Amino acid sequence: MSVGAAIRARFPIFGHTTYANSCSQGALSVDVREAYEDYLAGWDERGSEWEHWVERAETARAAFARLVGASAEEVAVTTSVSQGVSGLVSALPLERGRDRIVISEFEFPTVGQISHAQELRGAEVVHVRPEADGRIPLERFSDAIDERTALVCCTAVSYRTGYRLDVAEVARLAHEHGALCLADSYQAAGALPLDVGSLGVDLLTAGTVKYLLASSGLAFMYVRRELHERLLPTQTGWFADEDIFRMDISDYSPASTARRFDAGTPPVPNIFAGLAGMGIVEQAGVPAIEAHVRGLVDRLLAGLDELGATVATPRGEGERGPLVCVTSTDAPRLVEALAAERIVTSERDWNLRISLHLYNVDEDVDRILEALAGHRDLLS
Ligand SMILES: Cc1ncc(COP(=O)(O)O)c(C=O)c1O
């Protein structure tokens, strides 16, 4: 049995809907629902379970670490990508001569906005723009990065087009000039293998809302071990302290590990859910998920070609992941029309976004294609 067929029964939505929107939010599993109930039951029965909750947060740290091939000391548990990235930039001196932040045009708004907020501290933000074909050639990064660059922000898979970037090469270019490289991997985590060692990145962040199959309010940031001492966040909180329960207000003494990028009280309910969602992904195995989804994406692309649709996602091997974007004359209307047929998708930039995950099967792809054939007028 394929990964999809085996896992599907744990996601009730498939009983009545074709769900192809994991790029926005992963589908709800019975496992995640039970995890929330478990959290509530413990709260009901035992009142505050602080020790257990802190233990769960550490278990989540270890699970994130396994996901990206890091050690737990190299992982901060955050409530969002925004929190991690804000903490990171707060740790950059952005001194004259090293005051530039390079961002790709495919960054999620939060990364772009946080970068531009640093202009208030004297930073300069440089954008790396894609070609008309949706690719960002490495030369574009190479042209933008220089000795003044403090940080290069790139995104592993574009939420706008599904384009998968060669993160390892961008990290190499950043290092050639003594800059740090951050990979926003939200659209990849849980769908594509991520190994910080082979990517060579300094920082990597993602959250649990999408392919990690949980809900909002939980994310993480990998921080390469060698950087811990050097990166001193000024945006912080008591759970980032070296001794959380000393409750000391006399100084700032952050943890010596990546935990210095944690902040306040851990998002306990989200951690329960996140562990359940990540458990499903870990059990299936990311390489098996990637292989399964590649088959579905190939089937989808072949069907889209037959329909004469324009696919905005670059086609090359290694240039795409679980998200396929299709150009539409009116993407919001197309999403609505599909929703009326109980097919859940989303849209960005005038593209219909179809994203596939471990629980999807060939029949989902065929249903989507059949529905699109009925709305040919909304495809460009
Ligand atoms: C690539 C990417 N980065 C970041 C985010 C979200 O960031 P945050 O956790 O700060 O809401 C998303 C999606 O919501 C995303 O697709």
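Contact is taken as heavy atoms within 4.5 Å, and helices are DSSP runs of H or I with at least four residues, numbered from the N terminus. The structure is a predicted model in which local features need pLDDT of at least 70 and side-chain atom pairs count only at pLDDT 80 or more, while totals for chains, interfaces and linings use all residues. Residues are numbered from 1 along each chain as its sequence is written, and side-chain values use heavy atoms, with hydrogens and water left out.

Helix H9 spans residues 268-284. Its 17 residues reach 25 Å from the first C-alpha to the last, close to the 24 Å expected at 1.5 Å a residue (1.5 Å times one less than the number of residues). Because 12 of the 17 residues are buried, H9 is largely enclosed by the rest of the structure (buried: under 20% relative accessible area, 1.4 Å probe, protein chains only). The buried residues include Val268, Phe272, Leu275 and Met278. Their cover includes helices H1 (3-7), H2 (30-46), H3 (50-68) and H10 (286-307). Glycine 285, with a positive phi near 90 degrees, follows H9.

The residues around the ligand (a heavy atom within 4 Å) are Ser80, Val81, Ser82, Phe108, Tyr159, Asp184, Tyr186, Gln187 and Lys210. An N or O atom in the side chain of serine 82 lies 2.4 Å from a ligand oxygen; for lysine 210, the corresponding distance to a ligand oxygen is 3.1 Å. A ligand nitrogen is 2.6 Å from a side-chain N or O atom of aspartate 184. The protein covers 83% of the 400 Å² of accessible area that the ligand has on its own (Shrake-Rupley method, 1.4 Å probe).

Note on methods: A polar contact is a pair of N or O atoms within 3.5 Å; within protein, one must be able to donate a hydrogen and the other to accept it, and residues adjacent in sequence count only if both atoms are side-chain atoms. Helices (H or I, at least four residues) and strands (E, at least two) are DSSP runs, numbered from the N terminus. Buried means under 20% relative accessible area, exposed over 50%, partly exposed in between (1.4 Å probe, protein chains only).
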